[in-house]
Amino acid sequence: MTAAPADTPADLHIDRPSVADGAALWRLAKESGNLDLNSSYSYLLWCRDFAATSAVARDGDGEPIGFITGYLRPDRPRTLLVWQVAVDGAHRGRGIAARLLDGLAARVAAELEVICVETTITPGNTASERLFTSFAARHGARVEREVLFDTPLFPDGPHDPEVLYRIGPLTPHLSH
């Protein structure tokens, strides 16, 4: 793994979200400007039911400043699907998303024997493309890409295709 950028907050703490974090995760997603916003109720449920496969970054005061939500694929229980990644606008560009992703991947590799990470990214989302391809490079993993959901599948108006990024196998040192 590479070291965090010099401006990554020294007091950054990454852990599992709790139900009490649901409102903050909803706010971070809403303010991101590029995520599909789910209902506030769904973020509360996510923090309750998928805390083991999600992570929250907290500042020195314990306030959430970023998150990753994910789940294990039912048909591939050693694959973590990363659903959403968001970092508060005031903290972007400081390596927090990479720290979240590395921390979550290490935890689920150790606790749940995850060996593969998947996510979907819309074309042109260069920040997410960089986040996940650099994650793969840090961990010596291959990246496979294919369109998972094409534009005509979305019933609620124009939507860019969602491209599946499959990253793996993850190297054994990940969980150390």
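Me: Where is the place of Glu113?

Reply: The place of Glu113 is the loop between α3 and β5; helices (DSSP H or I, at least four residues) and strands (E, at least two) are DSSP runs, numbered from the N terminus. The model is predicted, so local features need pLDDT of at least 70 and side-chain atom pairs pLDDT 80 or more, while totals for chains, interfaces and linings use all residues. Residues are numbered from 1 along each chain as its sequence is written, and side-chain values use heavy atoms, without hydrogens and water.

Me: Which residue is joined to Pro169 by a cis peptide bond?

Reply: Gly168 is joined to Pro169 in this way, and omega is about -5 degrees. Pro169 itself is found in the segment after β7.

Me: In which loop does His159 lie?

Reply: His159 belongs to the loop between β6 and β7.

Me: Is His159 buried or exposed?

Reply: His159 is buried, because its relative accessible area is 15%. The terms are buried under 20%, exposed over 50% and partly exposed in between (1.4 Å probe, protein chains only).

Me: Which residues is His159 in contact with, leaving aside its neighbours within four places in sequence?

Reply: With those neighbours set aside, His159 is in contact (heavy atoms within 4.5 Å) with Asp36, Thr122, Thr151 and Phe154.
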